Amino acid sequence: GGAGALMSLAVLIRPVLAPLVGVMGLWYVIRFADRADRIKAVRAAAMFAACGLPAAILFGLTNASLYGSATTTGYGGLETRFSLAYVGANFRNYFQWFAETQTPAAFLGILAVFLPIRRLWPDSEARQAVWVAGLTVLVTWVLYFLYEVWNVWWYLRFLLPSYPFIFVGVGAVGAALIRGRGRASRAALVAI
């Protein structure tokens, strides 16, 4: 329930992220595969949805009252804020800003969340979860590639919902590099 409530708050703050609710809901669908725990997974999914629904309704009602449409915000209609014409400029901007403000390890973190391999993710549950992590990173970046163009680096903040997953990916790469190695290797990686 808490995850649904937090997702709905995130969407109230940044409506562009609404598709991420579905991505996070995918985690519950993945958990349905475990037959022994299916009832518990269905309950958790229902709680996630139930806790997220009130904020979605509030968002729509507030916008309809203030701006005449559930999908129109103080920034204008969501449908006018997105265009395929924005993709090229945003792709260049976000990757350039990301490269300029992050270490090369961050790119390894992005790659890691798209590689559900045993070397990076030894636990089978982690390999299931990495699909959701990778999809979260992908959807977040694609949403902002389609969103209107901003020409100042601090708009990289729009991609912040993907950062925790990128950081976990960096950690997975680091853990894979030191797994089975001696103390000196571990100390060298920590120093780097």
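This is a predicted model: local features need pLDDT of at least 70, side-chain atom pairs count only at pLDDT 80 or more; totals for chains, interfaces and linings use all residues.
Trainee: Which pattern does the protein follow along the sequence?
Mentor: The secondary structure comes to 9 helices and 2 strands. These elements are DSSP runs numbered from the N terminus: helices are H or I with at least four residues, strands E with at least two. Read along the sequence, the pattern is α-α-α-β-β-α-α-α-α-α-α.

Trainee: What percentage of the residues of the protein count as buried?
Mentor: Buried means under 20% relative accessible area, exposed over 50%, and partly exposed in between, with a 1.4 Å probe and protein chains only. Of the 192 residues of the protein, the share that counts as buried is 34%.

Trainee: Which helix gives the most to the nonpolar patch?
Mentor: The patch on the surface is formed by L6, L9, L12 and L58, with about 370 Å² of accessible area together. Patch residues have over 30% relative accessible area and no salt bridge; like charges are joined within 9 Å, and nonpolar side chains (Val, Leu, Ile, Met, Phe, Trp, Tyr) within 5 Å. L58 has its place in helix α3 (residues 38-67), whereas the element that gives the most, with 3 residues, is helix α1 (residues 2-13).

Trainee: Is L58 buried or partly exposed?
Mentor: The relative accessible area of L58 is 47%, so L58 is partly exposed.
The value falls in the class between buried and exposed; the answer is therefore partly exposed.

Trainee: How are α5 and α7 oriented to each other?
Mentor: Two packed helices are described by the angle between their axes and the distance between the axes. Helix α5 (residues 87-101) and α7 pack at an angle of about 125 degrees, with their axes 7 Å apart. Angles under 35 degrees count as roughly parallel, over 145 as roughly antiparallel, 65 to 115 as roughly perpendicular and the rest as oblique. The orientation of α5 to α7 is therefore oblique.

Trainee: Which residue forms a salt bridge with R81?
Mentor: A salt bridge requires a side-chain nitrogen of Lys or Arg within 4 Å of a carboxyl oxygen of Asp or Glu, and the count comes to 1. The closest N and O atoms are 2.3 Å apart. R81 lies in helix α4 (residues 78-81) and its partner in the loop between α7 and α8 (163-178), so the pair ties together parts that are 67 residues apart in sequence. R81 is buried, at 12% relative accessible area, as is the partner, at 19%: E148.

Trainee: Which residues does T140 contact, leaving aside neighbours within four places in sequence?
Mentor: T140 lies in helix α7 (residues 124-146) and counts as buried, at 0% relative accessibility. Contact means heavy atoms within 4.5 Å. The residues in contact with T140 are L20, F158, L159, P161 and S162.

Trainee: How far apart in space are G169 and A105?
Mentor: G169 is found in helix α8 and is buried, with a relative accessible area of 0%. Not counting residues up to four places away in sequence, G169 touches G109, A112, V113 and W121. G169 and A105 are 64 residues apart in sequence, and their C-alpha to C-alpha distance is 9.3 Å.

Key. Residues are numbered from 1 along each chain as its sequence is written. Side-chain values use heavy atoms; hydrogens and water are left out. Accessible areas come from the Shrake-Rupley method with a 1.4 Å probe; for residues, only the protein chains shown count as cover. Axes are lines fitted to C-alpha atoms, for helices over the stretch in contact, and angles run from 0 to 180 degrees between N-to-C directions.
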